[in-house]
Amino acid sequence: MPRRPSTSGDLLRLIREEGVATRAELARLTGLSRPAVTLRVNELIAHGLVIERPGELSSGGRPPARLEFNAAGGAVLVANLGRRRGQLAVCDLGGRILVQSAPDLPTDQDAAGLAAGLLDQWDELLGKAGLSRTAVRGVGVGSPDTAEPAREHAPGPGRRPWLGGVDLGEIVSERFPVPVHVDNDVNVAALGEYQARYRDRIDDMLFVKVSTGIGAGLIAGGRIQRGALGAAGEIGHIPVRDGDGTPCRCGNTDCVEAVAGGAALLARTGAADLGELTRRVAAGDATVVALVREAGRRIGEVVAAAVNLLNPAVVVLGGDLTDGVEPLIAGVREVVYRRATALATRQLRIEPSMLGDAAGLMGCAAMVCDHILSPAAVDAALSAGR
């Protein structure tokens, strides 16, 4: 028999996620006495997690006060890091971005030095937001490396090895003694896109990021799926036909990333970077448009296999190469609808990302908030007086 909600953390979940707005309703749902509810609600108010507003006037007597989750009761620090650039932000506890920046990342700096630089930039952003370090309740980072669990069977992102095996949590805790969560950058982008656009509509989504490399994030049953060792979603390293023996950075040949990813397209077109490539597509450069469309078809081969295996309700295409590059998206659609099964594609939608770079930041914030605001985490923080 499932446990009935009874702790302060349970009550916060009811207020935050289910919109329960009065003490009387909390008492009815939990079976707690009114004094017990009052004790727990007052504790949440004292710790800045809940606010209470006067009820609306009515002719039937004094209306009950309304309880609301206080998104302004703390802040989370987030960073979505690529190979050469990143986005950093300070968000409130509702995942809303308060301030952000998009720094270039030094390619000649070791992981420890890069982490120290992140801390300084977060401090600067906190100052711009008018917040102190004591407001920070959690940190979330999306990393271009696969996030391997730090211990066997560890659920969720947890504290994981970061770039070069550096434990980012240890470095961050010296300045911000809060929980630190690190996950793959594609997973956090998938989570951000899902939370912002699809959470209340579907349970199953495949997010495919097409930039210099290619990767995927899978939402199944409303939750991100990382696999046994955090390596789920590596579709960029699935071989495609007629790859001409193209070597891939993973050590194999003919992987779709090596054949159709951004680096491959830059080599074939002579474009200086992905920005120039997308501009040439927009200008109607026939040679570049044809190459990008064909890259979309090659990506569509592996996406079609994923659709047959996973049966998502929607495939979202994100990353630098899908930002306004309709020929690539059209190539993916062409092959997926032709090669995936009729049942799997009957209601399937293939859509471009609407959030762009913001998807990673919003996903990092959602990852952190879901952990630090879980009933168990809230109860532990209240017990510790944090």
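Predicted model: local features only at pLDDT ≥ 70, side-chain atom pairs only at ≥ 80, totals over all residues.
Residues are numbered from 1 along each chain as its sequence is written, and side-chain values use heavy atoms, with hydrogens and water left out. The secondary structure of the chain comes to 14 helices and 12 strands; these are DSSP runs numbered from the N terminus, with helices being H or I of at least four residues and strands being E of at least two. The radius of gyration is 23 Å, close to the 21 Å from the globule rule for 386 residues, so the chain is as compact as a globular protein of that length. That radius is taken over C-alpha atoms, and the rule is 2.2 Å times the number of residues to the power 0.38.

**Overall build**

- The C-alpha trace spans about 75 × 50 × 45 Å along its principal axes.
- Of the 386 residues, 48% count as buried; buried means under 20% relative accessible area, exposed means over 50%, and partly exposed is in between (1.4 Å probe, protein chains only).
- The accessible surface comes to about 18300 Å², and 50% of that belongs to carbon and sulfur atoms; areas come from the Shrake-Rupley method with a 1.4 Å probe, and for residues only the protein chains shown count as cover.
- Take the contacts between residues at least 6 apart in sequence: 62% of them join residues at least 24 apart, where contact means heavy atoms within 4.5 Å.

**Nonpolar cores**

- The largest nonpolar core has 37 residues, and those with the most contacts inside it are Val-208, Ile-299, Val-303, Val-315 and Val-336. Such a core is a set of buried Ala, Val, Leu, Ile, Met, Phe, Trp, Tyr and Cys residues joined through side-chain atoms within 4.5 Å.
- Elements giving two or more residues to this core include strand E8 (205–210), strand E9 (214–220), helix H10 (286–310), strand E11 (314–318) and helix H11 (326–339).
- H10 provides the largest share of this core, nine residues.
- Leaving out residues up to four places away in sequence, Val-303 touches Leu-206, Val-208, Val-315 and Val-336.
- Apart from this core lies another, of 34 residues, among them Leu-11, Val-78, Cys-91 and Leu-373.

**Helix H1 and what covers it**

- H1 runs over residues 8–18, and its buried residues are Ser-8, Gly-9, Asp-10, Leu-11, Leu-12, Leu-14 and Ile-15.
- Cover for those buried residues includes helix H2 (23–30), helix H3 (34–46), strand E1 (50–53), strand E2 (66–69) and helix H14 (375–383).
- Just after H1, Gly-19 takes a positive phi of about 70°.

**Rings and charges**

- Arg-16 lies over the face of Phe-69, 5.8 Å from the ring centre. A charge sits over a ring if NZ of Lys or CZ of Arg is within 6 Å of the ring centre and within 35 degrees of the ring normal.
- Arg-133 has its charged end over the ring of Phe-176, at 5.9 Å from the centre.
- A search of the whole structure turns up zero aromatic pairs; rings of Phe, Tyr and Trp (its six-membered ring) pair if their centres lie within 6.5 Å, with planes under 30 degrees apart called stacked, over 60 edge-to-face and the rest tilted.

**Two Asp residues with positive phi**

- Asp-244, in the loop between strand E10 (223–225) and H7, has a positive phi near 60°. Asp-244 is exposed, with a relative accessible area of 75%.
- Asp-254 is also in the loop between E10 and H7, and its phi is positive at about 65° although it is not a glycine. Asp-254 is buried, with a relative accessible area of 16%.

- Tyr-194 is in helix H6 (185–198) and counts as buried at 3% relative accessibility.
- Beyond its neighbours within four places in sequence, Tyr-194 is in contact with Arg-199, Ile-202, Asp-203, Met-205, Ile-219 and Gly-222.
- Leu-98 is in strand E5 (97–101) and is partly exposed, with a relative accessible area of 32%.
- Leu-98 and Asp-254 are 156 residues apart in sequence and 43 Å apart in space, C-alpha to C-alpha.
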